[in-house]
Amino acid sequence: MSSENKVIDIPEVLPLLPVRDLVVFPYMVLNLYVGRDFSIRAVEEALAKKRYIFLASQKEISEEHPAPENIYSVGTVASIMRMRKLSDGRLKILIHGEGKGLIKSYTKTDEFYEVSHELIPEVQSSATPIEVEALIRNAKDQLEKIIALGRMLSPDILLLLDDLQDPGRIADLIASHLGLKVSDAQKVLETQDPKERLSLVNEILLNELEVLQMQARIRNTAKDEMTKSQREYFLREQMKAIKNELGDSDPKSEDIDEIRERIKNAGMPPKVQEEALKQLRRLERMHPDASEASMLRTYLDWMVELPWNIQTEDNLDIKRAQEILDRDHYDLHKVKDRILEFLAVRKLKKKDLRGPILCFAGPPGVGKTSLGKSIASAMGRKYFRLSLGGVKDEAEIRGHRRTYVGAMPGKIIQALKSVKTNNPVIVLDEIDKLGSDFRGDPSAAMLEVLDPEQNSTFRDNYLNVDFDLSNTLFIATANVVDNIPPALRDRMEIINISGYTESDKLLIAKKHIISRQIENNGITEKNISFTDEGLKYLISHYTKEAGLRNLEREIGSICRKIAKKVVSGEDNVTHVITKDMVTELLGAPKFLKDEKYKENQIGIVTGLAWTQAGGEILYVEALKMKGKGGLRLTGQLGDVMKESAQAALSYARAHHDELGIPEDWFEKYEIHVHLPAGAIPKDGPSAGVTITTALISLLTETPVRMDVAMTGEVTLAGRVLPVGGIKEKALAALSQGVKNIILPLANKKDVAEIPEQFKKEMKFMFVENIDEVLALALDGGIKKKASKKPRGGKKGKLPRVAASTTDAA
């Protein structure tokens, strides 16, 4: 139907022209560019007949050859008013929408579709005239506001709307000019009732108006900010121009602008940026030759180069981290588990997770420092080692105040600038060796650095602004934890790393050290081969340490001697390093193991001691001689060990009647207790049971079993208290061939730390009092008399040997 309601003779079957990116409404007049072959053929077919064509929109714009199911069924019947062929082969046609149509069926010709259709007549609106008028006015008002907000529409649309009163025509006209999405425009086209169609268009207009208003607000905000920055820029440029005209140009103005730009791009917190800009304004007002100008310039350089908001992304692959830690270090399960736990928590909790403050404590050479590097590699973080040994000045940690000549930030800030990220792994090496003098106590300055509750606002004296250290993973290392001040020790999670056993050293040497030394000394595996026998002999007779440094030196020495032989051309064979070869290359052994007593002895007991180099066998020798009584102690004993000897003697004297010792024995004889070797200082309470057993063996003239070793502290009441270093002591006893070990009952839990393969070879006997120790250690035990007077221990208690003895396996 036309606008004048004239009947138009439109064929029932028309060529189909699929339209890709728009919906054609009735009464629209517009140009279309036709480029697809089947579309050109459909236009030519329409022109050959009555110039009518059916226009329907595609559901998918990207479809080159749309099938019927990908074409909307409601479209527009249009007449082709004009056609022109373009130079690129396309057609430009001017069409006029005649009316809505519904496709009933498709017919496929050779090159295009023909459709059978029926015209959809315009229905009468169900709305009252007042409702229609309100909808029309509302649509016009919203359209005027949209145009006022800058939406580019045809300037004639408002004039055309004034001439129309039909709500359906008005809805179609507005929808055709808004450039809607195909789906939205198609929805309008398919709506039959004029009132509903105009209501739908009103909703679309309202949504468009809200979007344009939001855009306007964003533009105004950006414009205000831009206006402010442009005003500052123009003022500065004017100042430069005035200075140039006066011949007073400032050569540093470009530097100032560069620093200002770097400050804005550094990602500083607002307060920090405010301080930096304040100092920049001071610098801007200073003469370039002023002494403070260079100091301020250095300060600003530090400020812009710090990683205020730069972080590396943590690698949270637990399996990969486990592989890296296992590759770089043998054993050390506690440390590895702690790092993997941190990564697991980090994976589950993305935000507000403070890094742990760890302290690896153990003897030298066990891999504490290198472990920090492996942790950084496993987590994908940057690594920095900070050596604190011998640091005595607090300013080394907190930095110097800028009033001093040559002032600079402390080591923590320097480390962060060096790695260019605020979440590195920083190893605080040898934290137990921090000193202090008149310049302050650096360990006190470390309290803030290593406190997760405070280090998010760490203030360096040089910067004088807060820096967030909470993302940094601090790992401290120490040899002796007791040397760390208690307040600082309390802030750290201490993980003890014990020394390596001989079997550990053998495995590490085969897996890591030998290949590294072969490569470092320029030889190959064809030139040298180590036997297990040779390595074991090298470990036990040429090194005496908890770590691996001396072992690596000795292996390196052997490799160098083989390298000399290879270069000298003495031979070109593989040198097999056996026990005899080790002696030939390195000379006589540096350390000899103490000979084990083969027979049971009176007054000689096998004790166990812990040193930084691991566990050791410690023989306690007791001797009596005629005299006026008294106790002589030799062997460089410390105060605690001397007190243990005094307590042992007091126990023996208090129980002389039960032990069958004559009362006047202590007035007739003098006792001498000696702990070889005399040149090595010894201290600690763990020799209590050993000294007590040696004294009672001497006093009762009862031999001591030499296949038994013991450790534990003894009280005056005869109770046996727990001690430390059980793993190292037990392995030292096993290395000397002693497999029966007496331990305090409270140390039963520590036996679990001993590797299973060694535990199977040993027999542990757990005791609670000295009576049980004597029953197990003395050859045949002691036949005790009944006590005539009360004693400090458990009265009349018989040894519970069977109940206390257990096989660890």
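This is a predicted model: local features need pLDDT of at least 70, side-chain atom pairs count only at pLDDT 80 or more; totals for chains, interfaces and linings use all residues.
Residues are numbered from 1 along each chain as its sequence is written, and side-chain values use heavy atoms, without hydrogens or water. Local features need pLDDT of at least 70 and side-chain atom pairs 80 or more, while totals for chains, interfaces and linings use all residues.

Me: How many cavities of 30 Å³ or more does a search of the whole structure find?
Reply: A cavity is a set of points, on a 1 Å grid over the protein atoms alone, where a 1.4 Å probe fits but cannot get out. Grid points are joined across faces, edges and corners, and volume is the space filled by probe spheres set on them. The largest cavity has a volume of about 50 Å³. At 30 Å³ or more, the search count is one.

Me: Which elements each supply at least two residues of the lining of the largest cavity?
Reply: Lining residues have an atom within 4 Å of a point. Among them are Leu-55, Val-74 and Gln-186. Helices (H or I, at least four residues) and strands (E, at least two) are DSSP runs, numbered from the N terminus. The suppliers of at least two residues each are β3 (52-57), β4 (74-85) and α5 (182-190).

Me: How many charged residues are in the lining of the largest cavity?
Reply: Ala, Val, Leu, Ile, Met, Phe, Trp, Tyr, Cys and Pro count as nonpolar, Asp, Glu, Lys and Arg as charged, and the others, Gly among them, as polar. The lining has eight nonpolar and four polar residues.

Me: Why is α18 oblique to α19?
Reply: Axes are lines fitted to C-alpha atoms over the stretch in contact, and angles run from 0 to 180 degrees between N-to-C directions. Angles under 35 degrees count as roughly parallel, over 145 as roughly antiparallel, 65 to 115 as roughly perpendicular and the rest as oblique. Helices α18 (residues 532-542) and α19 (residues 549-568) have axes 10 Å apart and pack at about 125 degrees. That angle therefore makes the pair oblique.

Me: Which residues in α19 does α18 meet?
Reply: Contact means heavy atoms within 4.5 Å. The α18 side has Leu-535, Leu-538, Ile-539 and Tyr-542. In α19 they meet Leu-551, Glu-554, Ile-555 and Ile-558.

Me: In which hand of crossing does α24 pass α27?
Reply: α24 (residues 688-700) and α27 (residues 770-777) pack at about 60 degrees. A crossing is left-handed if the near helix is turned anticlockwise from the far one by less than a right angle, and right-handed if clockwise. This crossing is right-handed.

Me: How are α8 and α9 oriented to each other?
Reply: α8 (residues 270-285) and α9 (residues 291-305) pack at about 155 degrees. They are therefore roughly antiparallel.

Technical notes:
On a 1 Å grid over the protein atoms alone, a cavity is a set of points where a 1.4 Å probe fits but cannot get out, and a pocket is an open set with protein on both sides within 12 Å along at least five of seven lines; lining residues have an atom within 4 Å of a point.
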